[in-house]
Each structure stands twice: as C-alpha cells, then as structure tokens.
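The following note sets out points for the attention of a colleague working with this model. The sequence and structure are shown first, and the numbered points follow.

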Amino acid sequence: QVQLVESGGGLVQAGGSLRLSCAASGRAFSLRTMGWFRQATGKEREFVAAIRWGGGSTYYADSMKGRVTISRDNAKNTVFLQMNSLKPEDTAVYYCAASSPGATNEYDYWGQGTQVTVSS
C-alpha cells in the first residue's frame with residue numbers, strides 16, 4: 001500500500017508561485033511514476049505533470065508547460081511541483097498520484113489533495 005500526503009497549497013496572488021510537495025509512504029517509491037493532477041470546482045480532473053521512474057523523464061500539460069516543474073527526491077520519497085506565474089484559472093485542488101512499480105500511465109494511488117487558490 002502507498003499513502004500520499006500533499007502539502008504546500010494555499011492562497012497566492014496572480015503571478016505568484018507555490019511549491020507543492022507529496023510525501024509517499026510504502027515501498028518502491030523510486031520505481032513508481034508520480035503525477036500531479038488538479039480538479040477545479042465543477043470541472044473534471046485534469047493532468048498537470050508527471051515524472052517517470054528510472055531516468056526521470058518529465059511530462060507536462062500544454063496549459064502549464066513553462067510554468068511548472070515536477071521533480072522528485074527518491075531518498076525522501078517525495079515529489080514536488082513548482083508552480084510559477086500562477087493565474088486565477090489555476091485555482092483547483094491539486095492531487096498527487098502514484099503508479100504501481102514499473103508502470104507509466106496508470107495511477108493506482110491518490111492523495112487527498114491540497115487546495116490552491118489564485119486571486120486576481
């Protein structure tokens with residue numbers, strides 16, 4: 001079993017930055033693809049970014065490319081999402097997700113989410 005706990009959300013003005021963290025418990029963190037997703041009120045959950053196990057290839061949603069950076073610290077079982085130049089439309093609950101070991105595009109574990117609110 002894997003438990004994921006997100007932190008770092010909050011209220012920020014447009015143009016500001018936030019760094020989200022996701023601490024994972026359980027085994028084989030370094031072998032899991034880690035992702036960030038978000039869900040705004042009244043909208044479906046959408047992909048934000050992912051980082052693969054192994055070489056650590058990264059992937060980003062077009063809407064956030066250039067404004068976010070995903071990274072991981074396998075020694076600390078933690079994945080990060082650095083968000084810059086935030087816009088009001090980035091307001092959402094941000095979720096961390098983990099794949100099973102060796103997987104890439106399927107996420108089996110989800111955190112509870114952290115609220116990000118961007119004021120105009």
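**Note on side-chain contacts and backbone features**

1. Serine 85 is placed in the loop between β8 and β9; strands here (E, at least two residues), like helices (H or I, at least four), are DSSP runs numbered from the N terminus. The phi angle of serine 85 is positive, at about 50°, although the residue is not a glycine. Serine 85 counts as partly exposed because its relative accessibility is 41%; the classes are buried for under 20% relative accessible area, exposed for over 50%, and partly exposed in between, with a 1.4 Å probe and protein chains only.

2. The model is predicted, so that local features require pLDDT of at least 70 and side-chain atom pairs count only at pLDDT 80 or more, whereas totals for chains, interfaces and linings use all residues. Residues are numbered from 1 along each chain as its sequence is written, and side-chain values use heavy atoms, with hydrogens and water left out.

3. A positive phi is also found at asparagine 77, where the value is near 50° in a residue other than glycine. Asparagine 77 belongs to the loop between β7 and β8.

4. Which cysteines form a disulfide? The search of the whole structure returns 1 such link, a disulfide being a pair of cysteine sulfur atoms within 2.5 Å. Cysteine 22 and cysteine 96 are the partners, with their sulfur atoms 2.1 Å apart. The link is left-handed, with -80° about the S-S bond. Distant parts of the chain are joined in this way: cysteine 22 is in strand β3 (residues 18–25) and cysteine 96 in strand β9, 74 residues apart. Cysteine 22 counts as buried because its relative accessibility is 0%. Cysteine 96 is likewise buried, with a relative accessible area of 0%.

5. Side chains of opposite charge can pair when their charged atoms come close. The structure has 4 salt bridges, each defined as a side-chain nitrogen of Lys or Arg within 4 Å of a carboxyl oxygen of Asp or Glu. One of them joins aspartate 62 to lysine 65, with the closest N and O atoms 3.3 Å apart. Aspartate 62 counts as exposed, because its relative accessibility is 66%.

6. A salt bridge connects aspartate 90 with arginine 38, the closest N and O atoms being 2.9 Å apart. This pair spans distant parts of the chain, from the loop between β8 (78–83) and β9 (92–98), which holds aspartate 90, to strand β4 (residues 34–39), which holds arginine 38, a separation of 52 residues. Both aspartate 90 and arginine 38 are buried.

7. Aspartate 90 also meets arginine 67 in a salt bridge, at 2.7 Å from N to O. Here too distant parts of the chain are linked: arginine 67 lies in the loop between β6 (58–60) and β7 (68–73), while aspartate 90 lies in the loop between β8 and β9, 23 residues apart. Aspartate 90 is buried because its relative accessible area is 1%, and arginine 67 counts as buried at 12% relative accessibility. A network of salt bridges links Arg38, Glu46, Arg67 and Asp90.

8. The count of aromatic pairs is 4; rings of Phe, Tyr and Trp (its six-membered ring) pair if their centres lie within 6.5 Å, and planes under 30 degrees apart count as stacked, over 60 as edge-to-face and the rest as tilted. Phenylalanine 37 and phenylalanine 47 have ring centres 5.7 Å apart and planes at 75°, so the pair is edge-to-face. Phenylalanine 37 is in strand β4 and phenylalanine 47 in strand β5 (residues 46–51), 10 residues apart, and the pair links distant parts of the chain. Phenylalanine 37 counts as buried because its relative accessibility is 11%, whereas phenylalanine 47, at 31%, counts as partly exposed.

9. Phenylalanine 37 forms another edge-to-face pair with tyrosine 107, at 5.2 Å centre to centre and 80° between the planes. Tyrosine 107 lies in the loop between β9 and β10 (109–110), 70 residues from phenylalanine 37. Both phenylalanine 37 and tyrosine 107 are buried. One aromatic cluster is formed by Phe37, Phe47, Tyr107 and Trp110.

10. Arginine side chains also lie over aromatic rings. Arginine 45 lies over the face of tryptophan 110, at 3.8 Å from the ring centre; a charge sits over a ring if NZ of Lys or CZ of Arg is within 6 Å of the ring centre and within 35 degrees of the ring normal. The charged end of arginine 72 is placed over the ring of phenylalanine 29, 4.7 Å from its centre.
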